[in-house]
Amino acid sequence: MSDGAGGAGTAVGLHRVLEPAGVLPQAALRLDPDPRIRPDEVRIAVERLNLDAASYRQLHTAHGGDPDAIRAEVLRIVGERGKMHNPVTGSGGMLVGTVDEAGPGSPLGLKPGDRVATLVSLTLTPLAITDGLARWDGLSEQVPAEGHAILFARSIAAVLPGDLPVPLALAVMDVCGAPALTRRVVASRENAPVVAVLGAAGKSGCLSLAAARGAGASRLIGLVPTAEEEERLAATGLADVVVRADARDPVAVAAAVGDPVDVTVVCVDVPGCEHGAILATAPGGTVVFFSMATSFPAAALGAEGLAADVTMLIGNGYVPGHAAAALDLLRSEPAVRALFTSRTGDDSAQ
């Protein structure tokens, strides 16, 4: 590990960048996952990774669902890059682990033995895997793993709640920025807005519906791609109306949503959903993109080409208090917990 200024490292982790020099860790091709920490760093003993949905979908598709090939690809990426940074999607995920060592200068307030979830992307987190992912079946986004990860002074982590199974808490924390920003956008509107959520039966989608309801939305439309998800979401009551369309088909999305809405939240983990979201949004409305599969040039140029006067926001995954707020939604909304449990399993032993 290269020396930082005064041997103390830097708050954003520049001293961990191996290639190319001078960029931030997220933009780096390779990071240094050396387990020796600086005074302002924290080392985490890794227990479980949660791969970003867009990244896992890409890996699953690229390798035809072959678990061994998916596992080998994740190990290759981490081994070559010193982080889990999918070179195709540009996304990573997050992790759960136990604090091994906390430097005396770390501002994160963590201590050895704390079981935490990192709330920063794996694309900028130095990471080493030591067990070959032997316990992962390659068939889900949640990856049992052994190894270590490094947090910087500007990283974010939350101590895991004691009342929730680890896979469930991890799944919520992985997408907690979506409901937090949705709540902020909906609450900022002068009049109670109509809100559409694309990918509404997924993790970030159902949380965003619940957050929009709590922030005063007048009507909620949940868009899903299949009859199975339509039935599942309709049974929860989280949306006032559930409609079905392929989010990649702009005309079908606009037709399914009906009258253009004030706020559209995109939580779909496949590319090509930008134009449908724009078409479904009224002039003066807001589109919030949370999917890492979003092409932001396509969104910007698409809005221009459609003469769409809409504000487009990139959900960056961080809003102050986002983890606690999302966990509270899970606890207070049985329908949200039911949707999450159907995806993660009620794995209380983990």
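A residue is counted as buried when its relative accessible area is under 20%. In the present structure, which is a predicted model, R38 has a relative accessible area of 8% and is therefore buried. R38 lies in the loop that runs between β2 (30-31) and β3 (42-51). The C-alpha atoms of R38 and S188 are separated by 41 Å in space, and the two residues stand 150 apart in sequence.

P20 is located between β1 (17-19) and β2. The peptide bond joining E19 to P20 is cis, with omega at about -15 degrees.

L133 belongs to the loop between β6 (127-129) and β7 (142-151), and its relative accessibility is 0%, so L133 counts as buried. A307 is placed in the loop between α9 (296-305) and β14 (311-314). A relative accessible area of 69% makes A307 exposed, since the cut-off for that class is over 50%.

The packing of two helices is described by the angle between their axes together with the distance between the axes. For helix α1 (residues 53-62) and helix α2 (residues 67-81), the axes come within 9 Å and the crossing angle is roughly 125 degrees. The arrangement of α1 relative to α2 is therefore oblique. The crossing of α1 past α2 is right-handed. On the α1 side, the contact is formed by Y56, L59 and H60; on the α2 side, the residues involved are I70, E73 and V74. By class, the residues of this contact comprise four nonpolar, one polar and one charged.

Burial was also examined along helix α10 (residues 322-332). In α10, the buried residues are H322, A323, A326, L327, L329 and L330. Around the helix axis, these residues span an arc of only 155 degrees, and so they lie on the same side of α10. An α-helix has 3.6 residues a turn, so residues three or four places apart point the same way.

Definitions and conventions
Residues numbered from 1 in each chain as written. Predicted model: local features only at pLDDT ≥ 70, side-chain atom pairs only at ≥ 80, totals over all residues. Heavy atoms only, no water. Axes fitted to C-alpha atoms, helices over the stretch in contact; angles between N-to-C directions. Helix = DSSP H or I, 4+ residues; strand = E, 2+ residues; numbered from the N terminus. Parallel < 35°, antiparallel > 145°, perpendicular 65-115°, else oblique. Left-handed = near helix turned anticlockwise from the far one by under 90°. Contact = heavy atoms within 4.5 Å. Nonpolar A, V, L, I, M, F, W, Y, C, P; charged D, E, K, R; others polar. Buried < 20%, exposed > 50% of the residue type's maximum accessible area, 1.4 Å probe, protein only. Arc of directions from axis to C-beta.
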